[in-house]
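Thank you all for making the time this morning.

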Amino acid sequence: VATMPEVSVGLAFGVEVMGTFVVMFVILCLTDSRNQPYQNIIVKHMAPYFIGASVACSISVFAPFTQAG
């Protein structure tokens, strides 16, 4: 498993903030009621899968930095 050898506390915090931002951005985009063109039946029922995929991708990308996955 490839890990980052020297990760400071500040870098680890920044990486976790970025991962949280990405996941929250996806959640807010999918659940925003003003997002009318995308609030059809498919998006409503697929939103949990999209959110889960964003969490999985975020963990896959950011976990090697902090080992917090």
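Predicted model: local features only at pLDDT ≥ 70, side-chain atom pairs only at ≥ 80, totals over all residues.

Let me start with Ser54, which touches Val23 and Val26 when residues up to four places away in sequence are left out, a contact here being heavy atoms within 4.5 Å. Residues are numbered from 1 along each chain as its sequence is written, and side-chain values use heavy atoms, with hydrogens and water left out.

Ser54 is found in helix H2, which covers residues 41-66; helices, as I use the word, are DSSP runs of H or I with at least four residues, strands are runs of E with at least two, and both are numbered from the N terminus. Is Ser54 buried or exposed? Ser54 counts as buried because its relative accessible area is 9%, where buried means under 20%, exposed means over 50%, and partly exposed lies in between, with a 1.4 Å probe and protein chains only.

Ser58 also lies in helix H2, and at 10% relative accessibility Ser58 is buried. Its contacts, again not counting residues up to four places away in sequence, are Gly19, Val23 and Ala63, so that Val23 is touched by Ser58 and by Ser54.

Ala56, in helix H2, is partly exposed, at a relative accessible area of 42%, and the C-alpha atoms of Ala56 and Val23 are separated by 9.6 Å, although the two residues are 33 apart along the chain. Pro48, likewise found in helix H2, is exposed, with a relative accessible area of 52%, and its C-alpha atom is separated by 9.0 Å from that of Ile27, 21 residues away along the chain.

Now to helix H1, residues 9-31, which has 23 residues and reaches 33 Å from its first C-alpha to its last, close to the 33 Å expected at 1.5 Å a residue; the expected span is 1.5 Å times one less than the number of residues. In H1, the buried residues include Val15, Gly19, Val23 and Leu30. Phe21, by contrast, is found in helix H1 and counts as exposed, at 51% relative accessibility.

What about the cysteines? Cys29 is partly exposed at 33% relative accessibility, and Cys57 is partly exposed too, with a relative accessible area of 48%. A disulfide is a covalent bond between the sulfur atoms of two cysteines. A search of the whole structure finds 0 disulfides, taking a disulfide as a pair of cysteine sulfur atoms within 2.5 Å.

Finally, the protein as a whole. How many helices and strands does the protein have? The protein has 2 helices and 0 strands, and of its 69 residues, 16% count as buried. Among contacts between residues at least 6 apart in sequence, 68% join residues at least 24 apart. The protein exposes about 5200 Å², with carbon and sulfur atoms supplying 72% of that area, as computed by the Shrake-Rupley method with a 1.4 Å probe, where for residues only the protein chains shown count as cover.
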